[in-house]
Amino acid sequence: MIFIEYPKCTTCKKAKKWLDDRGIEYTDRHIVEDNPTFDELKTWYEKSGLPLKRFFNTSGLLYKSMELKDRLATMSENEQLTLLASNGMLVKRPLLITDEAVIPGFREKEWENAINE
């Protein structure tokens, strides 16, 4: 299991505590120091079954400053994945990757279901 986080993010801290409190083992990865690659993002996106927009950190300052809310709809899937791979701050976090699931963001119930599969 991989846990991708930005250590200063309060939601990431909450998610990490949730994992630790349950004794769940994971590999921790800093999203800025080790940004997901295009290929990783493409694989995770396809595996997740979620819309690609769910992988964007829509509340982030970079997302807003780049005016991506208006631009994403006109971008191809490859363009969006390339953009996500260019800067970890654009990627929704935390990101949990298990053998069966990929979950962007922390929703306790989703994580619980994914871990118990």
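Analyst: A residue is called buried under 20% relative accessible area, exposed over 50% and partly exposed in between, with a 1.4 Å probe and protein chains only. The model is predicted: local features need pLDDT of at least 70, side-chain atom pairs count only at pLDDT 80 or more, and totals for chains, interfaces and linings use all residues. Residues are numbered from 1 along each chain as its sequence is written, and side-chain values use heavy atoms, with hydrogens and water left out.

User: Is E67 buried or exposed?

Analyst: E67 is exposed, at a relative accessible area of 54%. The residue sits in the loop between helix 3 (61-65) and helix 4; helices (H or I, at least four residues) and strands (E, at least two) are DSSP runs numbered from the N terminus. The phi angle of E67 is near 55 degrees, a positive value in a residue other than glycine.

User: Which residues does a cis peptide bond join?

Analyst: R93 and P94, with omega at about -5 degrees. P94 belongs to the loop between helix 5 and strand 3.

User: On to the sheet. In what order do the strands come?

Analyst: The order is 2-1-3-4, in an open sheet of 4 strands with mixed pairing. Two strands pair if DSSP finds at least two bridges between them. Strand 2 (27-30) and strand 4 stand at the edges with a single partner strand each, so one side of each has no neighbour in the sheet. From one strand to the next, the twist averages 15 degrees; axes are lines fitted to C-alpha atoms, for helices over the stretch in contact, and angles run from 0 to 180 degrees between N-to-C directions.

User: How many bridges are there between strand 1 and strand 2?

Analyst: There are 4, and the two strands pair in the parallel sense. I2 has T27 as its bridge partner in strand 2, and E5 has H30 there.

User: And in which sense do strand 1 and strand 3 pair?

Analyst: Antiparallel, over 3 bridges. In strand 3, I2 is bridged to I97. Strand 3 (residues 95-97) is in turn joined to strand 4 by 3 bridges, and those two run antiparallel. L96 is opposite I103 of strand 4.

User: Which strands does helix 6 touch?

Analyst: Helix 6 packs on the sheet and touches strand 1, strand 3 and strand 4, contact meaning heavy atoms within 4.5 Å. Its direction makes about 165 degrees with that of strand 4.

User: Which strands does helix 1 lie across?

Analyst: Helix 1 lies across strand 1 (2-5) and strand 2, at about 155 degrees to strand 1. Together, strand 1, helix 1 and strand 2 make a right-handed β-α-β unit. A crossover is right-handed if, with the strands pointing away from the viewer, the path from the first strand over the helix to the second runs clockwise.

User: Changing topic, how many aromatic pairs does the structure hold?

Analyst: It holds 7. Rings of Phe, Tyr and Trp (its six-membered ring) pair if their centres lie within 6.5 Å; planes under 30 degrees apart count as stacked, over 60 as edge-to-face and the rest as tilted. One of the pairs is W18 with F106: the centres are 6.0 Å apart and the planes at 65 degrees, so the pair is edge-to-face. This pair links distant parts of the chain, 88 residues apart, with W18 in helix 1 (residues 10-21) and F106 in the loop between strand 4 (102-104) and helix 6 (108-115).

User: Why is the pair of F106 and W111 edge-to-face?

Analyst: Their planes stand at 85 degrees, with the centres 4.8 Å apart, so the pair is edge-to-face. F106 is buried at a relative accessible area of 15%, and W111 is buried at 0%. F3, W18, Y26, F106 and W111 form one aromatic cluster.

User: Where is the place of R107?

Analyst: R107 is in the loop between strand 4 and helix 6. Its relative accessibility of 45% makes R107 partly exposed. The C-alpha atoms of R107 and T11 are separated by 9.7 Å, although the two lie 96 residues apart along the chain.

User: Last one: which residues in helix 5 are buried?

Analyst: Q80, L81, L83 and L84 are buried in helix 5 (residues 77-86). Seen down the helix axis, the buried residues fall within an arc of 160 degrees, so they line one face of helix 5; the arc is that of the directions from the helix axis to the C-beta atoms. These buried residues of helix 5 pack against helix 2 (38-48) and helix 4 (68-71).
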